[in-house]
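Here are some friendly notes to read alongside the model. Please keep the structure open while you go through the points.

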2 protein chains.
Amino acid sequence: MEYKFSDRVSNLKPSAIREIFKYAADPSVVSLSAGNPSPDAFPTKEIAEISAKVLAEDPISVLQYSVSEGYAPLRKHLAEYMKKEHNTGSDNDDILITTGAQQIMDLCSKALVNEGEVVICEAPSFIGSLNTFRSYNAKLVGVPVEPDGMNTEKLEEALKANPNAKLIYTIPNFQNPSGVTMSLEKRKKVYELAKKYGVLIIEDNPYGDLRYSGEYVPNIKSLDTDGIVIYAGSFSKVISPGMRVAYTIAPKPIFQKLVVCKQGNDVHTNIWSQYVCDEFITKYDFNAHLARLREIYTKKASFCMELLDKYCAPKITYHKIDGGLFIWCDLPEDIDMPKFCRELVLKKVCVVPGNAFLTDENETCHSFRINFSTPTDEQLERGIKILGEYANSL
Amino acid sequence: MEYKFSDRVSNLKPSAIREIFKYAADPSVVSLSAGNPSPDAFPTKEIAEISAKVLAEDPISVLQYSVSEGYAPLRKHLAEYMKKEHNTGSDNDDILITTGAQQIMDLCSKALVNEGEVVICEAPSFIGSLNTFRSYNAKLVGVPVEPDGMNTEKLEEALKANPNAKLIYTIPNFQNPSGVTMSLEKRKKVYELAKKYGVLIIEDNPYGDLRYSGEYVPNIKSLDTDGIVIYAGSFSKVISPGMRVAYTIAPKPIFQKLVVCKQGNDVHTNIWSQYVCDEFITKYDFNAHLARLREIYTKKASFCMELLDKYCAPKITYHKIDGGLFIWCDLPEDIDMPKFCRELVLKKVCVVPGNAFLTDENETCHSFRINFSTPTDEQLERGIKILGEYANSL
């Protein structure tokens, strides 16, 4: 049988990152390619306690079918928390629990983007989201990321050139992969442009709670008086990614359509894990937990940047970060970056080639992404030493 | 802001069943409209034991990111189990863990069906799957269900009339909503026709393990020497629906494309619950658990049919079932079925109007679906008494 796939997916390839994970599974390889939380960052004791409690107290509700909107107490508590801590969400919004933030991209694509319509992304941007948009045959248009976020002149050019643009996709805090945080001024400008051109914004904020230095910048969603921002939050980086619990705060008419799409997608998100997240954020000191995570990652990020200074200069330069899990590194233009990354795997170190994060993977790129949250300090030192020595030998 | 939704979803409505659930949430209403497993059917003690064990032994693996294909031991054990018990799956197939079987329909639609292409369904069929196909702008063509399954002459007519048909969607065992089981002869015929017309089959089998009478009929997938059947299995009816763990056994090239689509959909299924399902089917006596479920449901199904005999004749007739969770009931043609169902809600009983399960909801229909797994015996008696008295008063 010769299989005929749909037009949407016939050119879709497995995520380059997930392919690299296959090398990374070799225990002799130092993987700087992941985006996993540190093993030290999981509240495992609390999760085990809560799980035992909810299974003892109300096992049927925890294991039975539930509603597509998500567990009502979790939705209520999250809405209150996001309003109080981040002025995010209003009476015109509602909150939907999703199976990871990846599902938010899927539901928004399905509900809002016809085949051939445009999604404007940062270039570079998170490959997982780009692939989801691609899987709906959306056309991706990249806007360069500068040290203070998206180039807003280029954004306006892209909006003018693409009247069929439906979404602007942005990760304003500690962007994956560039590490860049968008300034408040640019957040306001992106919002204004979206409003002017009648385009919705997806604000993807998985790393917002992981700030190690610099000043807090308000969410774009906190500026949303016109109902044009869809906010994506997640427990993956702050409780557990394996549970797949995330949430979107969206204008009510969009929320309602996303709920219908979610019914057809997976009916509802694992309800047991929703109970666990709800108890964790309400009965435990969630803000103290976040402070502990910041402490862990501040150390790891500083250590990683010290190692880059020590081993990688002058051939590899990197962009200092204020938060998140990733550091973006540049090679000189005379080094073939994809070849460099392939050779590096043979030296038992994995990084992610930067072109994986571009809207056009064939574009020339001299950067790569490293992650410091998953490896141990020993692995970080070993990996970055090899990385630096190799680059400086070329 | 006036929101413009995609063409795929602009006509998509919330599932009629899930809307009915809102009335059903009123505790004074007897809901015969759900499809939830009986509260007695959950292995809650075992799930709590396993969960505590895996969280103690290997918390990071249970809570960390995992692979899109699913937890490798679970995939291996399921493949072995399905081969041994049901001769289902071959070396040409692979097995993907999904977030409920609903996600299988989503991934197959995305990977295999262009907008405007045809999915052939049983009429009536499971509304959740129909809505997923609709959400990809597939055109649904219904083929009537007879007491021994799909009308295969009409199926061939539909295949001839729709050269752009991509999938035949069938629930061969104790079909939702009709309760019908497809004969072996018809399974072979459906397979032959799919092969002849170059169309793939999705065999959705959530209720296969819940047979209360009659003889076992082999899965269509067990006949699949040509790589044209995608099998959908689920733990929702036999362990817990709240966990959202299901699986598809599909020809390898299709499996690979479904994995890529799943990356963009939700990255992977809740890994904690995958660990729990794996331990439950390997370290506990899964077949004894299934036998216990059959015992519970055989009693409930018989009791429900006795009540229908006692209270509902002559106005309501019903189709005897050999398994599953649903009974399909017919009203005389002079009774307006949708009105009947609406009036019934005011009398505090909920059933699902049969037209909700048709490819065209506006078609005339004199049937409705009832469920006997969720209500208690007391609720069943109270609900069916009201149902029968009301029908016989008309």
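Predicted model: local features only at pLDDT ≥ 70, side-chain atom pairs only at ≥ 80, totals over all residues.

1. Let us begin with one residue in chain A. Setting aside neighbours within four places in sequence, Leu167(A) is in contact (heavy atoms within 4.5 Å) with Leu112(A), Val113(A), Val118(A), Val119(A), Ile120(A), Val199(A), Leu200(A) and Ile202(A).

2. Residues are numbered from 1 along each chain as its sequence is written, chains are lettered from A and ligands numbered from 1 in the order in which they are written, and side-chain values use heavy atoms, leaving out hydrogens and water.

3. Where does Leu167(A) sit? It is found in strand β6 of chain A, residues 165-170; strands (E, at least two residues) and helices (H or I, at least four) are DSSP runs numbered from the N terminus. Leu167(A) counts as buried because its relative accessibility is 0%, and buried means under 20% relative accessible area, exposed over 50% and partly exposed in between (1.4 Å probe, protein chains only).

4. Now step back to the whole of chain A, which has 13 helices and 14 strands. Its radius of gyration is 21 Å, close to the 21 Å from the globule rule for 394 residues, so chain A is as compact as a globular protein of that length. That radius is taken over C-alpha atoms, and the rule is 2.2 Å times the number of residues to the power 0.38. The C-alpha trace spans about 60 × 55 × 50 Å along its principal axes.

5. How much of chain A is buried? Of its 394 residues, 63% count as buried. Among contacts between residues at least 6 apart in sequence, 76% join residues at least 24 apart.

6. Finally, visit chain B, where Thr269(B) is found in the loop between α9 (252-266) and α10 (271-283). Thr269(B) is buried, with a relative accessible area of 1%. Its side chain makes polar contacts (N or O atoms within 3.5 Å, one able to donate a hydrogen and the other to accept it within protein; residues adjacent in sequence count only if both atoms are side-chain atoms) with the side chains of Thr99(B) (2.8 Å) and Lys262(B) (2.8 Å). Beyond its neighbours within four places in sequence, the contacts of Thr269(B) include Arg244(A) and Arg244(B).
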